Amino acid sequence: MSLASDAVHTTFDVNANLRPSSSSLVHADGGSSESSSAASPPLLKLMTMVYVVDTRERKVLLGHKARGFGAGKWNGFGGKVDAADPSIQAGAQRELEEECGLRCRAPLTRCGVMFYEYPVELERRTLEVHVYWTDISNVDGVPRPSEEMNPIDWFGFDDVPLDRMWADDPYWLPFFLEQCHALSANLRAPRSFAGVFRFSNFETVSDSFVVWLPPDLPGLRSDLLVG
Ligand code: 6OG
């Protein structure tokens, strides 16, 4: 997956918590973070996505989006971070509970950040999606469908319905889930990741890259994934 020559060239400023640096995020309309005026809407839309995983049984809980953005697709649980959420993680916990009734006893673990960019006529803002996960042993409650996610179901790692999920998922989700399973066998923690996906429409990825970060570099996770 190499970036085409006319691709959006995005660099990461590690000190800015993996946000694209303002000078490098150039949008399809020719505007950039640098040129946006105070009146312009924010160019990043902050969102969360949570995967509840049964590491021992090699299963992941997914919801079928019943309405709105991504309707008809299976996905993890999440949504927009509200101004009232005290943190990104709190927003993720709230969405998890709202969408499938599960409450996490321990803080959710952030495993990655994805940036999704669409043609400007489809969505002006780049989605900045913070991805979290937890093992089922850390959650209370019984999964139940909601207005937004219905039905919800467990899928074996080998049966994840990738053909009915967002087009970026095959690039990273199976690899991430395999690492979750390795964790249950007392091997190393799953790697964190950062990804950029540029879509040519809602179904097609035109450019992408995913960086996998070793889990065992001291301080790496907390330095990179603050929120
Ligand atoms: P609401 O609009 O319902 O939140 N999301 C995506 N997830 C994946 N895997 N790929 C994408 O590719 C996505 N775009 C958005 C973020 C939408 C939920 O869907 C996720 C949120 O968890 C483009 O509030």
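Predicted model: local features only at pLDDT ≥ 70, side-chain atom pairs only at ≥ 80, totals over all residues.
Let me turn to β5. Seven bridges join β5 to β6, and the two run antiparallel. Within this pairing, Tyr 116 stands opposite Leu 127 in β6. β5 also pairs with β9, in the parallel sense, over six bridges. The bridge partner of Gly 112 in β9 is Phe 193. How enclosed is β5 by the rest of the structure? Because eight of its nine residues are buried, β5 is largely enclosed.

Helix α2 runs over residues 169-184, 16 residues in total, and reaches 22 Å from its first C-alpha to its last, close to the 22 Å expected at 1.5 Å a residue. Which of the residues of α2 are buried? They are Asp 169, Leu 173, Phe 176, Leu 177 and Cys 180. These residues cover an arc of only 100° around the axis, and therefore they lie on the same side of α2. Among the elements that cover them are β1, β2, β5, β6 and β9.

Helix α1 has 13 residues, and its span from first C-alpha to last is 18 Å, close to the 18 Å expected at 1.5 Å a residue. Its buried residues are Ile 88, Gln 89, Gly 91, Ala 92, Gln 93, Glu 95, Leu 96, Glu 99 and Cys 100. The cover over these residues includes β1, β2, β4, β5, β6 and β8. After α1 comes Gly 101, whose phi is positive, near 75°.

Is Cys 100 buried or exposed? Cys 100 counts as buried because it has 25 C-beta neighbours inside 10 Å, where 20 or more are required. Which residues does Cys 100 contact, leaving aside its neighbours within four places in sequence? With those neighbours left aside, the contacts are Leu 61, Gly 63, Phe 77, Pro 143, Arg 144, Ser 146, Met 149 and Ile 152. For one of these residues, Phe 77, there is also a distance: the C-alpha atoms of Cys 100 and Phe 77 are separated by 7.7 Å, although the two residues are 23 residues apart along the chain.

My last topic is the ligand. Of the 16 residues around the ligand, those that come nearest are Met 49, Phe 69, Gly 78, Gly 79 and Trp 166. Which strands each supply at least two residues of the shell? They are β1, residues 44-54, and β6, residues 126-135. The largest share, three residues, comes from β1.

How values were computed: Residues numbered from 1 in each chain as written. Buried ≥ 20, exposed ≤ 12 C-beta atoms within 10 Å, placed from the backbone. Contact = placed C-beta atoms within 7 Å. Near = placed C-beta within 6 Å. Helix = DSSP H or I, 4+ residues; strand = E, 2+ residues; numbered from the N terminus. Expected span 1.5 Å × (residues − 1). Arc of directions from axis to C-beta. Pairing = 2+ DSSP bridges.
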